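Please read each point with the coordinates open beside it.

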Amino acid sequence: MPRFIGPRARAAIGWSSRMPDSTGQLASRIIELETELAERRRAEELQRALYEIASLSVADSPEHEHYVELHDIVGRLMYAKNFIIATYDADDGMIRQQYLVDEDPGEVMESFPFGEGISSLVIRSRLPWLLDHALFQSLVEAGEIRAPRGLVDFNSWMGAPLIAQDTVYGVIIVQSYSTDVTYTQADLDLLNYVASHVAAIVARWQSNIALKQANDELAASAETLRLLGDVGKDLTASLDTLAICKTMERHIGALLPMDAFGVALLSPAGDALDYAYYIEDGVVDASNSYPLDHPTSLAVLTFREDRELTLFNDPQLANAPSASTIEESAPIRSAVFRPLIANGRRIGVVTVQSHQADAYGERHIEVFRSATAYAAIALANADAYATAEAARKQAAQALHDLHQAEAQLVHSEKMAALGQLIAGVAHEINTPIGAIKSSGRNITEALGSALLDLPALLDELDAAHRVYFSELLTRASRPKAVMSTREERGIVREVTAQLEALGVAQPRHNAGLLVQLQSHTDLEQVLPLLRHPAGDRILNTAYGIATITTNADNINTAVDRVAKIIFALKSFSRFGGVQVWTGSDLREGIETVLTIYQNQIKHGIELVRQFEEVPPVRCLPDEISQVWTNLIHNALQAMDQKGVLTLGLRRDGDNALVSITDTGCGMTPEVRERIFDAFFTTKPAGEGTGLGLDIVRKIIEKHGGQIYVTSEVGRGSTFTVSLPIAGVG
């Protein structure tokens, strides 16, 4: 029996009231309606998928279930039984599969160098790719794809790059082994569209991971610096060799993997290394001595060649002499030997060893080097003290020998100054750490307010308004010109007047946001956004995203500041081996000393630099650095940490002239005549040895230079150092 079709139904399917359509036309119309309904359902499914993807942004880092959820989302949009998400690290050139589901049980996640496989083609081209066997083969033959595992057995393959903020973070892949499933260009477009949304989530995850790693590394560096300060303080507090060795063992054991530790010192005759202390697996060995021509002693090799020796699973470890009274529980598989150098003289060797293979990384070795420098100074001080004590007992030469011992101790003055400056350096590092913490908190707050509302906001914007929104974000991310508060207020007032004239609601509030977003000069471009019903949310969301970018830049600036301080500290504390005459940038050496004294300078000192271009000066850089350290330290003390410190650098013929001027108390002619005499000091008892300027004069004379001083009581002093650019001879 024919089904009755009412007037509304006839109108819906295009039924004519005057003449019924043919059966074919009716069927065609029904098919059109079914197609339209299917497309609508697909669009709704896609929209739901994008919402679900956006909801993953609340996670700080990716977990397995997040990748499973992404797989499920893509699987609802297309055939995705074989699904891969891989990330790309441009720094180390590696592609790492983070998630893999495959019909072939033999397939497992892997990492491989960029340049191999189809994934590299997608990442390199920054384009989505749709491949079948024929196209894959042709790309391999053309050299576009390098396939180290040979041909693959897929029927159809699609890959889309994960690109966010113009950076490729990885690739998303689906593939089919069955001839029943062949992907189309429409499938590829859909996958690429989904990938663009997934990329934003992956980018956020990667940024969070990088930020956490940076914070962890910075915290570890600060803690290591603090611990090294404790090491130096504890080591230099003793003048007993055995106590120094045990103190170093205790600190090294807390900082590095350690199963054995030893200190060997040059014998009084200078022909052998005598172990002052050696401990392995908690047992102290008897004292051993090895001549400097010993064929297998690694300590002797280190001392003889004056170089650091780092060995991992090396046959030399097995051939080296073992402890004489200790039964070895396991073979030593990792060892570091380092010369002990003080005052440019090798005094011995220190070693740390482990039963573990590859126990020491670069960070461990850097810590060991710094601790060794402290140990060398402490042991040199102990040796000098012992020498002084022995000399004191000699009747005729007692005073002379004591003076010689004091002269040796003075060479440790630089590291002693470093110990006094540790608190100031720690303060300098705390400031950028505080900036990083504040910026991280701002980023977290902005992420919560901006990104969570972003999917819903984008859904409310049509294509044209999305373009305007994207351009707004692009302008906000450009480098900002420096403006004073007064200039910014003036610009806000002008923009407020323009918005009032255009009839924009909340003109003052919106003007302030537009200035912050650097869009106040492009009102025509942002006017459609301001007049959109969601105009307030648009500007607030854009401002939140811009806040993330700005605070990320602040973090980078703070990290650069910490790196500069640590570099200066490392340069200042470097205690090399045999000194070598080399060309040195005097300005760089002065700046290193200024960085170390930054905490004192910034609290009351006005620093004036009058530097001209001067070629490198041939010198002993560590000794010249000691000159600048003593003179700048004296200038700061003369001004009682308040005044103007003027540093000059210029060329005078074949010489380089460095001047250091303070506005301190100045000197009388009588004091000025004696300041370079050994043991003469104007400081209170216990605060100065009277050897600082004597050392400065001797270093300058050693370099073939001269030092002059002018001074006036109540106005300050100027020390001028003249050094031959070509060096001595």
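1. In what follows, a contact means heavy atoms within 4.5 Å. The model under review is predicted, and this should be kept in mind for every value below.

2. On that understanding of contact, H465, Y468, F469, E471, L472 and R475 in helix α14 meet Q525, V526, P528 and L529 in helix α17. The residues that make up this contact of α14 with α17 divide into 6 nonpolar, 2 polar and 2 charged.

3. As for the geometry of this pair, the axes of α14 (residues 463–476) and α17 (residues 523–530) come within 9 Å and cross at roughly 125°. Since an angle over 145 degrees would count as roughly antiparallel and one from 65 to 115 as roughly perpendicular, α14 is therefore described as oblique to α17. The crossing in which α14 passes α17 is left-handed.

4. Turning to the sheet, 5 strands form an open arrangement in the order β15-β17-β18-β20-β19, and the pairing is mixed. Its edge strands are β15 (605–611) and β19 (706–712), each of which pairs on one side only. On average, and with direction ignored, neighbouring strands of this sheet are turned by 10° against each other.

5. Within the sheet, strand β18 (residues 655–662) and strand β20 (residues 716–724) pair in the antiparallel sense over 8 bridges. In this pairing, L657 stands opposite S722 in β20. By way of background, strands of a sheet pair through backbone hydrogen bonds, either parallel or antiparallel.

6. Which strands does helix α19 touch as it packs on the sheet? Helix α19 (residues 586–596) touches β15, β17 (643–652) and β18, and its direction makes about 170° with that of β15. Helix α21 (residues 621–638), for its part, lies across β15, β17, β18, β19 and β20, and runs at about 20° to β18.

7. A further point concerns F312, which lies in strand β11 (residues 309–312).

8. If residues up to four places away in sequence are not counted, F312 touches R333, S334, D358, A359 and Y360.

Key: Residues are numbered from 1 along each chain as its sequence is written. This is a predicted model: local features need pLDDT of at least 70, side-chain atom pairs count only at pLDDT 80 or more; totals for chains, interfaces and linings use all residues. Side-chain values use heavy atoms; hydrogens and water are left out. Axes are lines fitted to C-alpha atoms, for helices over the stretch in contact, and angles run from 0 to 180 degrees between N-to-C directions. Helices (H or I, at least four residues) and strands (E, at least two) are DSSP runs, numbered from the N terminus. Angles under 35 degrees count as roughly parallel, over 145 as roughly antiparallel, 65 to 115 as roughly perpendicular and the rest as oblique. A crossing is left-handed if the near helix is turned anticlockwise from the far one by less than a right angle, and right-handed if clockwise. Ala, Val, Leu, Ile, Met, Phe, Trp, Tyr, Cys and Pro count as nonpolar, Asp, Glu, Lys and Arg as charged, and the others, Gly among them, as polar. Two strands pair if DSSP finds at least two bridges between them.
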